[in-house]
Amino acid sequence: MAKIIGAIGSSHIPAVGMAIAKKLQNTPYWKDFFDGYPPIWNWLNEQKPDVAIIFYNDHGLEFFLDKKPTFAIGAAKQYISYDEGWGLATIPPINGDEALSWHICNELVEDEFDITICQELGVDHGLTVPMQLMWPNDDNYGGIRVIPVVINCERHPMPSLKRCFDLGRSIGKAIESYHQDLKIVVLGTGGLSHQLDGQGAGLINKEFDLMCMEKLVSAPEELFKYNLRDITEIAGAQGVELNMWMGMRGALLGDVTEIHSNYTVPISNTGAGTMLLTNE
Amino acid sequence: MSYLDDKTPIKGTIMFDGEMASLGYNLNKLCYSFNQEDARDAFNSNERAYCEKYGLTEGQTLAILERNIIGLLEQGGSIYYLAKFAGLLGLNMQDIGALQTGLTLEEFKQKLVDAGE
């Protein structure tokens, strides 16, 4: 049977991709941030997961406002990154796992999550920056196969923290009912607090971010009390990307232990969290 | 009841909800086109004509021509699509932050550092 062995929370800031392209990892501005990743590389090297489920949001590459799903999931053989319009380098194609995607889709719809199923899906920095962070300088990404799960974080109305957690739960249950012996890791990307738009641009809330990171480990349900208006006020308009971390955490059905975390502020305009959880 | 029913303004923030998305649809569609290099070239060769092609209002067109980011947000622009416009202008998110808050770039960067203290 397939087994979710753990989860990784990570920022997906485009500036990180730019820093990787310019090899700035060891410069004073970036060092603390990139130092958060070697423990994750070591764990991935030891565990060698077969598949990564990646919760991310599409910032206007694949989906425009004409047809924008609240939840979408990839069911493709391969995922390609494209020009986003402002100079971030694309990355080599990422392999999918069609059979597992379809199994998850079947189970999700059975469980009343009526997701949009994508047999082609262009992926933006929300997914590509985490791929570069987890598997640096590796065009094959450690041989991992990926299943992207996209959550609308760009246009209100957006799904609640609880709903995203429940989506994760449903994906977790689907995986644990899969017949093949596979090791699965779940990634939640984005966040944490930040606001890019308006006179309120530049909002970062370190205290709230650290509280969320703690609750995500021990008591994620306690975060359900915040609606997305609250999150916008407390953690900025883009703080709603916390939803990807909720999906990630929801997928962990077992006993969860944090084995590593890091928080760097500011990275670009953002409070950047990193987290590694095991699920037993 | 939707969390969007609470219309109390959030300081410095325009919620990009259905109303704003309707208002800014053409504007965001124009900015979305900047994913394509030929669209960026077409815009650069004649900005006003490109705005007309996408059916922008005069107010939206002026905000584009004047690089008035707050004006674009107020007229239904979404920051995710405006980011593509900013990129075309050679501006990153900290430049945009400074423009919107009326701070210099250095002041805006300091604001971010202070937020993390």
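Contact here means heavy atoms within 4.5 Å. Helices (H or I, at least four residues) and strands (E, at least two) are DSSP runs, numbered from the N terminus.

This is a predicted model: local features need pLDDT of at least 70, side-chain atom pairs count only at pLDDT 80 or more, and totals for chains, interfaces and linings use all residues. Residues are numbered from 1 along each chain as its sequence is written, chains are lettered from A and ligands numbered from 1 in the order in which they are written, and side-chain values use heavy atoms, with hydrogens and water left out.

**Stop 1: the interface**

Show both chains. Select the residues of chain B that touch chain A: there are 42, and they meet 40 residues of chain A. The area buried between the two chains is about 3,700 Å². Buried area is the accessible area (1.4 Å probe) that two parts lose on being put together, summed over both. Carbon and sulfur atoms give 58% of the area buried between chain B and chain A. Now pick out Y3(B), Y80(B) and L112(B). In chain B these lose the most area to chain A, together 20% of what that side buries.

Chain B and chain A share 2 salt bridges. A salt bridge is a side-chain nitrogen of Lys or Arg within 4 Å of a carboxyl oxygen of Asp or Glu. Zoom in on R40(B) and D83(A): their side chains form one, at 2.9 Å from N to O.

Between chain B and chain A, 22 residue pairs are in polar contact, both residues at pLDDT 80 or more. A polar contact is a pair of N or O atoms within 3.5 Å; within protein, one must be able to donate a hydrogen and the other to accept it, and residues adjacent in sequence count only if both atoms are side-chain atoms.

Which helices of chain B supply at least two residues each to the side that touches chain A? Select α1 (18-23), α2 (25-32), α6 (69-74), α7 (79-88), α8 (93-101) and α9 (105-115) of chain B. α7(B) gives the most to that side, with 7 residues. Color the side of chain B that touches chain A by residue class: 23 are nonpolar, 12 polar and 7 charged. Ala, Val, Leu, Ile, Met, Phe, Trp, Tyr, Cys and Pro count as nonpolar, Asp, Glu, Lys and Arg as charged, and the others, Gly among them, as polar.

**Stop 2: helix α7 of chain B**

Stay on α7(B). Of its 10 residues, 10 are buried. Buried means under 20% relative accessible area, exposed over 50%, partly exposed in between (1.4 Å probe, protein chains only). Among the buried residues of α7(B) are Y80(B), L82(B), K84(B) and F85(B). Show the neighbors next. The buried residues of α7(B) pack against α2, α3 (37-45), α5 (58-65), α6 and α8 of chain B. After α7(B) comes G90(B), with a positive phi near 80°.

**Stop 3: strands of chain A**

Move to chain A. Strands of a sheet pair through backbone hydrogen bonds, either parallel or antiparallel. Here two strands pair if DSSP finds at least two bridges between them.

Select β5, β4 and β7 of chain A. These 3 strands form an open sheet in the order β5-β4-β7, with mixed pairing. The edges are β5 (94-95) and β7 (122-123), each pairing on one side only. β4 (78-81) and β7 of chain A pair in the parallel sense over 2 bridges. S81(A) stands opposite V123(A) in β7(A).

Go on to β8 (145-151) of chain A. This strand is mostly covered, with 6 of its 7 residues buried. β2 (51-56) of chain A runs parallel to β8(A), joined by 6 bridges. A52(A) has V146(A) as its bridge partner in β8(A). β3 (71-74) of chain A runs antiparallel to β8(A), with 3 bridges. A72(A) stands opposite V150(A).

**Stop 4: backbone details**

Find the peptide bond between G191(A) and L192(A): cis, with omega about -5°. L192(A) lies in the loop between β9 (183-189) and α7 (206-218) of chain A. Another cis bond joins V265(A) and P266(A), with omega about -10°. P266(A) is in strand β10 (256-267) of chain A.

Which way does the phi of N137(A) point, positive or negative? N137(A) has a positive phi of about 55°, although it is not a glycine. Look for N137(A) in the loop between α5 (125-134) and β8 of chain A. N137(A) is exposed, at 84% relative accessible area.

Finish at R67(B). R67(B) has a positive phi of about 55° and is not a glycine. R67(B) lies in the loop between α5 and α6 of chain B. R67(B) is partly exposed, with a relative accessible area of 27%.
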